[in-house]
Amino acid sequence: MEIAVGAVSGMVDALPGKLGELLQQEYALLSGVRGDVTFFQAELSTMHAAVLRSEALDDPDVQTKNWIGQVRELAYDIEDWVDLFAHRVDAGSHDADPATSSRFSRWIRRGIDRLTTIPDRHVIATELQELRQRVVEVSEQRKRYSLGPPVIPAGSRHTSAVDPRIISLYADSASLVGLDGPRDEVAEMVIGAVSDRLKVVSIVGMAGSGKTTLAREVYGLIGAGFKCCASVSAGRSSDIAKVLSDMLSQVDSGYRRRGDTADLTQLIGRLREHFKDKWYLVMIDDLWSIQTWGTIKCCFPENNLGSRIITTTRNEAVAKDGGYVYRTHLLEEADAETLFSRITFGSVGGCPPHLKDVSAQILRKCGGLPLAIVSVGAMLANKTHTKDEFGRSGLEWQANSQLEVMKQIIKLSYSDLPAHLKACLLYLSIFPENHEIEITRRVRRWIAEGFISEHRGTSTEEIARNYINDLIGRNLIQPTQLNYDVTPRSCALHPAAAQIDGTKVSRARSITVFAHTGGTPRLNELSVLRVLDLEGCEGPLCLDGLCKLLLLRYLNLKGTDISQLPAQIGELKCLETLDVRATKVKELPLSILSLENLMHLLTGNVKLPIGISKMKSLLTLSVQQCRQERYFEYHTRDK
């Protein structure tokens, strides 16, 4: 399925709750607002159900993709309207302090406020009418075209898609590179330590890292020594009964000859009965969930005959549930080059001199992933070996139809994610390939974008870190540096998993600029911006219009040439994170004390205004003293 389709459900799911919070605010009682917001709540809840149904499609049609795109744009616009609503209404409000004014004077003040905010009220009413009309149109379109799963005509046979990993099942052992060491290591794990107990060895790694190929090599190497062997593939949308039926047909010739059928309970019983006195070896490829594995392993009795099971999975949690774990590794540079040369040029060292530089670039993009090297190499083997065409084909993967099998394999991991993780993973694609980013920076950006919903008793930062761990456990992002306590300090997204389009700058809610500030758009054109990350950018930096970004929550100027913050920075009432470390800023403006939502202030060697300790939301204050970075934690309220 298209990646952009699946990312919408989490956003649409969260919006009705956000609209519900708006209804609880006093200013939502403005004429017409409450009815429209309630209407949005109901319609978006219905749309969410339709989005989830569309997500389940492996190959949505063009109409469904277009409709999902409209829902995404509509959800963005409604969320922007909600976030800006309070700012615009409150901008004209000047409520007097109840302790120092009479009831009559407050009544007069409110009357004046209603008059002074009439222009904003007119704008709000117009916007609500336009949004409501769009909601109706999108909803009617869904009903009109009956968007959803296709209906299979009665009597037609359902043909399942060809497994894109099938090439791995029949790979020529002689053509494999860098497999001898891992094969021997896994074989030793399986049969090395003599034990009569049933042992499960799980091979885990990212999509395309060679798990299936490695498992089959080990299975072929040691299988002859067992009295009973079977090899089956589960898959993401596995029919467990079919998997067990395949297994039974391999070990029981009578079952295969009879061709009878059985339900899941009967299949488990028959397999347990068959295995109870056998010394067996079973390989189960491509496990996706603990639940599937929990059902399949019921087939294997503990008969104390030294039986063994080999599984492969992309999910660390599934692997750990099995027992012994072997983690696949990306190919070393020399092995990657050898494999690429064999596939592309037919022999080791066969790369023509004029293609050596561009070949090195292609190999860096492949990042040691066997699937990427084989897929790109096979495609290039049929190309004219001019430098321009070779580089264009080998480096531009997004629109290359000849790499669909590789992209389909990678997308399976994405499709298996829950909605909240899909949005977070998509967000990572804005960074350059192999770009290393600190976990803390990533976490705070997610929070600023609104991807993290706070749960009772758990802070948003803790939830975001759990999301990181989940994505690492699913082998979709890779830790690159560790903290002293062995937790990830930074991580990166593999190039093969980064084939996702970004959004247009005119609609941007997040701007990240790399290398040079020349790529920074005009800030006064980005009214709904939530994140502005310019870390490490070189060149002069213009912050004109910064203080008009009323929804800005994350501002990272670390390592830039900025020398002074705008005096009006206190107007950024939504700002949660401000990072000015390693800049030329010497002193923070006094107005920074007005940032009532600021949680993380990272300053380095900067003079702080008096009263900084009274900022009630501040959790982290990073200052530099004696050439050391020290962190002070303020816990002013229960989190």
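This is a predicted model: local features need pLDDT of at least 70, side-chain atom pairs count only at pLDDT 80 or more; totals for chains, interfaces and linings use all residues.
Angles run from 0 to 180 degrees between N-to-C directions, and axes are lines fitted to C-alpha atoms, for helices over the stretch in contact.

The chain has 22 helices and 15 strands, where helices (H or I, at least four residues) and strands (E, at least two) are DSSP runs numbered from the N terminus. Of the 639 residues in the chain, 49% are buried, a term that denotes under 20% relative accessible area, with exposed meaning over 50% and partly exposed in between (1.4 Å probe, protein chains only). Among contacts (heavy atoms within 4.5 Å) between residues at least 6 apart in sequence, 59% join residues at least 24 apart.

Strands S2 and S3 are joined by 6 bridges and run parallel, with Ala230 opposite Val282 in S3. Strand S3 (residues 280–287) is largely enclosed by the rest of the structure, because 8 of its 8 residues are buried. Parallel pairing also links S3 to S4 (residues 308–313) over 5 bridges, and here Met283 stands opposite Ile310 in S4. Together with helix H13 (residues 290–296), S3 and S4 make a right-handed β-α-β unit; the crossover is so named if, with the strands pointing away from the viewer, the path from the first strand over the helix to the second runs clockwise. Strand S1 (residues 199–204) is joined to S4 by 6 bridges in the parallel sense, and Lys199 stands opposite Arg308 in S4.

In the loop between S2 (228–233) and H10 (240–251) is Gly235, which counts as buried because its relative accessibility is 12%. Residues up to four places away in sequence being left out, Gly235 touches Asp285, Asp286 and Trp288. The C-alpha atoms of Gly235 and Trp288 are separated by 6.7 Å, although these residues are 53 apart along the chain.

A further open sheet comprises 3 strands in the order S6-S8-S7, with antiparallel pairing. Strands S6 (437–438) and S7 (478–482) stand at its edges, and each has a single partner strand, so one side of each is left without a neighbour in the sheet. Strand S7 is joined to S8 (residues 488–492) by 4 bridges, the two running antiparallel, and Pro479 has Cys491 in S8 as its bridge partner.

The axes of helices H20 (residues 419–428) and H21 (residues 439–449) come within 11 Å and cross at roughly 120°. In the contact between these helices, Cys424, Tyr427 and Leu428 in H20 meet Arg442, Arg445, Trp446 and Glu449 in H21.

Technical notes: Residues are numbered from 1 along each chain as its sequence is written. Side-chain values use heavy atoms; hydrogens and water are left out. Two strands pair if DSSP finds at least two bridges between them.
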